[in-house]
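Hi everyone, and thanks for coming. Please have a look at it before I go on.

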Amino acid sequence: MTDFKITFTPRVFHFKQPAGTSRGVYQTRKSWLVYVQAEGRLGRGECAPLPDLSCDAIDGYEDYLAGMCRDVERLGHIDYDRYADYPSMLFGLETALLSWRRGSDILFDTPFGRGEEGIAINGLVWMGTYEEMCSRIEEKIAAGFKCVKLKIGAIDFEKELDMIRSIRSRFTARQIELRVDANGGFGTDDALDKLNLLASFGLHSIEQPIRQGQWKVMAELCRKSPLPIALDEELIGVNRREEKMRLLDTVRPSYIVLKPSLHGGMRGVEEWVSLARERGIGSWITSALESNIGLNAVAHLDAHIYGPDIRMPQGLGTGLLFTDNIEMPVRIIGNKIYYRR
């Protein structure tokens, strides 16, 4: 058995501009960078829980991570049954172990990893004032993005409709694909009315219209909504195969949106995608405000899971968010992300 030495160090990243969601505004982002050393090689990964969102954003996170690292050193592998409820830790350690085994940050052998193909991504517009969001929309369209995702639910809903109406007055749904993400910000009493209004603008989908944990209400919305619904936060904390199946069979969403740091690490995301495919449910993968180390891993996993012909834009644009990011050969060129040294 390989004699691993695993260490980690905390790191705080600073946003270029505040990242606003319906849950609050992020100014900084704390991660733990994990290093696996053995046989003269080094692998690295990133554990990046989101406060008030991740199921493993716990008091004593660092102590628990230390214990998990010692277990991996002792066993030589990750005990997934024991650590299924700690997705950000799983993802960081999975990344570091893969990086070590391959002797590279290229985690899978794919056209993306060889630098031959890029992955189409959406342009993400964070919550802000009406004026800020309008300006950011224009920036994304000018940069060449064919899919724009708007975070909604923080300002007046009528103003958000005005923004979408303005885009649609100039670009058809074939020209610019629009996605919206409510982050659970709609109330159950008026969610369907809002979905009906949004659907009139030919949107691709809406993520998590109501707060998670209301499976029966969400199932009814998915059944009645003219706008396809994607689950995101709903999947957090659902880490066992049987529970995943029960959620998908109960709610029957059109899509699920997967973040390795939130939804079970690499193995957990692969299981979610497989279960969704069996049920005719679509999916895409996004990063979760990781640094470039995490973003690189998410992008390589994305290319590995979906293959070289990824048609649906993915959510991999977070590498541009920080003033003090870690240098990695992930590059956003136009509306695609590439791995290029």
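Let's begin with a term: on a 1 Å grid over the protein atoms alone, a cavity is a set of points where a 1.4 Å probe fits but cannot get out, while a pocket is an open set with protein on both sides within 12 Å along at least five of seven lines; a lining residue has an atom within 4 Å of a point. Grid points are joined across faces, edges and corners, and a volume is the space filled by probe spheres set on those points.

Two ground rules, too. What you see is a predicted model, where local features need pLDDT of at least 70 and side-chain atom pairs count only at pLDDT 80 or more, while totals for chains, interfaces and linings use all residues. Residues are numbered from 1 along each chain as its sequence is written, and side-chain values use heavy atoms, with hydrogens and water left out.

So, cavities. The structure holds two of 30 Å³ or more. Which residues line the second largest cavity? They are R44, T95, S99, D105, L107, I293, N296 and M328. Helices α3 (87–102) and α10 each supply at least two residues of that lining; by helix I mean a DSSP run of H or I with at least four residues, and by strand a run of E with at least two, both numbered from the N terminus. By class, this lining has three nonpolar, three polar and two charged residues. Here Ala, Val, Leu, Ile, Met, Phe, Trp, Tyr, Cys and Pro count as nonpolar, Asp, Glu, Lys and Arg as charged, and the others, Gly among them, as polar.

Of its 16 lining residues, Y80, A84, N239, R267 and E271 lie nearest the centre. Which helix gives the most to the lining of the second largest pocket? That is α9, with four residues. The classes here are five nonpolar, four polar and seven charged.

Next, the packed part. A nonpolar core is a set of buried Ala, Val, Leu, Ile, Met, Phe, Trp, Tyr and Cys residues joined through side-chain atoms within 4.5 Å. Buried means under 20% relative accessible area, exposed over 50%, and partly exposed in between, with a 1.4 Å probe and protein chains only. The largest core has 85 residues, and F186, L198, I206 and I256 have the most contacts inside it. Helix α10 (residues 292–306) brings the largest share of this core, nine residues. A second, separate core of 22 residues includes A38, C47, I78 and W100.

Finally, a loop residue. Q212 sits in the loop between β8 (205–207) and α7 (215–224). Why does Q212 count as partly exposed? Because its relative accessibility is 24%. The C-alpha atoms of Q212 and L235 are separated by 8.2 Å, although these residues are 23 apart along the chain.
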